[in-house]
Structures are given as structure tokens and as C-alpha cells.
Amino acid sequence: MTEGTTSAATEGGDTLTRLEQEGEIAADYLEGLLDIADLDGDIDMDVEADRAAVSIVSDTGGRDLQKLVGRDGEVLEALQELTRLAVHRETGDRSRLMLDVAGYRAKKRAELSELGAKAAAEAKSSGEPVKLKPMTPFERKVVHDAVKAAGLRSESEGEEPQRFVVVLPA
């Protein structure tokens with residue numbers, strides 16, 4: 001093994017260790033929050049696409065956890081930012097941690113991937129750009145990924161909170 005390969009392997013291991021540490025800090029923070037709110041939930045941690053992923057799940061169907069999702073995921077977005085701040089406070093590093101509650105983001109990701117694929121198909125067949133409704137940064141990222149997977153290009157336009165995706169024909 002060359003020195004450069006060893007360094008890259010060590011760096012990859014360091015990144016994984018750092019992301020696992022972020023997940024543990026986030027899990028501790030969220031467990032405390034669940035205790036304060038008197039909500040039942042288990043914490044799952046993983047590393048996905050070079051970021052820590054933490055999920056709050058429930059064996060009882062998660063009706064109580066829906067309070068942590070809120071309307072259109074607004075509470076979930078705020079909770080994710082608070083959790084990122086808690087990780088930042090402990091590590092001193094900016095966190096890109098993703099939080100899911102009761103499978104909300106996973107379900108949303110599947111819906112948005114389908115939307116991106118349909119918009120790409122429409123742009124291919126019509127030869128015209130397809131503009132989608134305003135979305136959060138998370139939602140736009142999922143749509144951009146789906147459009148890219150379909151072999152087309154997309155851009156975000158507008159200003160927050162009215163920023164939206166435009167799918168461009170080939």
C-alpha cells in the first residue's frame with residue numbers, strides 16, 4: 001500500500017468515526033427531548049451519503065411522534081436544526097445530519113423521487129422546461145437527484161422560501 005492510499009483510508013475511517021460521533025451526540029440530545037416531551041420512541045443511527053442519519057421510530061405506530069413532524073414537516077425541520085446545533089455545540093464542527101421521524105422523510109423522499117422522474121419524462125417528451133412548485137432544500141435535493149438519475153439536468157430558481165426546481169430538457 002502506498003502512503004497516499006494509507007492516508008486516504010485513514011481519512012475515510014476518521015470521517016466515519018466523526019459521523020458516528022455526530023449520530024451519538026444527536027441520539028443523546030433527542031432522547032432527552034423525548035423524555036421531556038413524554039413521548040415514546042427509539043433512536044436509530046446510521047451513516048448515509050457522507051452524513052449522519054438519525055431516525056426516531058416507534059413500535060406503536062408513531063401517532064404521538066407525528067407531533068414531532070408537524071404540518072408539512074415544519075416541526076421536523078426545526079428539530080433537525082436544533083439537533084444540528086446540539087452537535088455543533090459538542091464538536092465545534094458544522095453538522096449536515098439528517099433527521100427522520102416516524103418514516104416521514106423516507107416516505108417524502110420516495111414521493112419526491114417519483115415527482116422528479118415524472119418531471120424529467122415530461123421535459124424529455126415536450127422538449128420544454130418543467131417548473132415545479134416551491135420546495136425546501138431537502139425536497140429540491142431529492143428532486144435534483146431523481147432528475148439526474150433520469151439523465152437530465154435541473155436548476156433551482158427563485159428566492160427562499162419560494163425557491164423551486166426547473167427540469168431542463170436534453
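Residues are numbered from 1 along each chain as its sequence is written. As the model is predicted, local features need pLDDT of at least 70 and side-chain atom pairs count only at pLDDT 80 or more, while totals for chains, interfaces and linings use all residues, and side-chain values use heavy atoms, with hydrogens and water left out.

Q: How many helices and strands are there in the protein, and what makes a run count as one?
A: There are 4 helices and 6 strands. Helices are DSSP runs of H or I with at least four residues, strands are runs of E with at least two, and both are numbered from the N terminus. Read along the sequence, the pattern is α-β-β-α-β-α-β-α-β-β. The C-alpha trace spans about 55 × 50 × 30 Å along its principal axes.

Q: Why is E22 called buried?
A: Buried means under 20% relative accessible area, exposed over 50%, and partly exposed in between, with a 1.4 Å probe and protein chains only. E22 has a relative accessible area of 3%, so it is buried. This residue sits in helix α1. Leaving out residues up to four places away in sequence, E22 touches A52, V87, R94, S95, R96 and L97, where contact means heavy atoms within 4.5 Å. Across the protein, 34% of the 170 residues count as buried.

Q: Why are D50 and D72 called exposed?
A: D50 has a relative accessible area of 59%, so it is exposed. D72 is exposed because its relative accessible area is 61%. D50 is in the loop between β1 and β2, and D72 is in the loop between β2 and α2. Each also has a positive phi without being a glycine: about 60 degrees for D50 and near 55 degrees for D72.

Q: What makes the largest nonpolar core a core, and which residues have the most contacts inside it?
A: A nonpolar core is a set of buried Ala, Val, Leu, Ile, Met, Phe, Trp, Tyr and Cys residues joined through side-chain atoms within 4.5 Å. The largest has 19 residues, and I56, L68, L99 and V101 have the most contacts inside it. The elements giving two or more residues to this core are α1 (3-37), β2 (51-57), α2 (74-91) and β3 (98-101). Of these, α1 gives the most, with 5 residues. Another core of 15 residues lies apart from it, with M98, L132, V143 and V165 among them. In soluble globular proteins, nonpolar side chains tend to be buried together.

Q: How do you know that the span of α3 agrees with its number of residues?
A: The expected span of a helix is 1.5 Å times one less than its number of residues. Helix α3 (residues 104-126) has 23 residues and should therefore span 33 Å; its end C-alpha atoms are 33 Å apart, which agrees. Just after α3, G127 takes a positive phi of about 75 degrees. Within α3, the buried residues are R105, K108, L112, G116, A119, A120 and A123. Their cover includes α2, β3, β4 (130-134), α4 (137-149) and β6 (164-168).

Q: What makes a space a pocket or a cavity, and how much space lies in the largest of each?
A: On a 1 Å grid over the protein atoms alone, a cavity is a set of points where a 1.4 Å probe fits but cannot get out, whereas a pocket is an open set with protein on both sides within 12 Å along at least five of seven lines. Grid points are joined across faces, edges and corners, and a volume is the space filled by probe spheres set on the points. The largest pocket holds about 650 Å³, and the largest cavity about 70 Å³. A search of the whole structure finds 1 cavity of 30 Å³ or more.

Key:
On a 1 Å grid over the protein atoms alone, a cavity is a set of points where a 1.4 Å probe fits but cannot get out, and a pocket is an open set with protein on both sides within 12 Å along at least five of seven lines; lining residues have an atom within 4 Å of a point.
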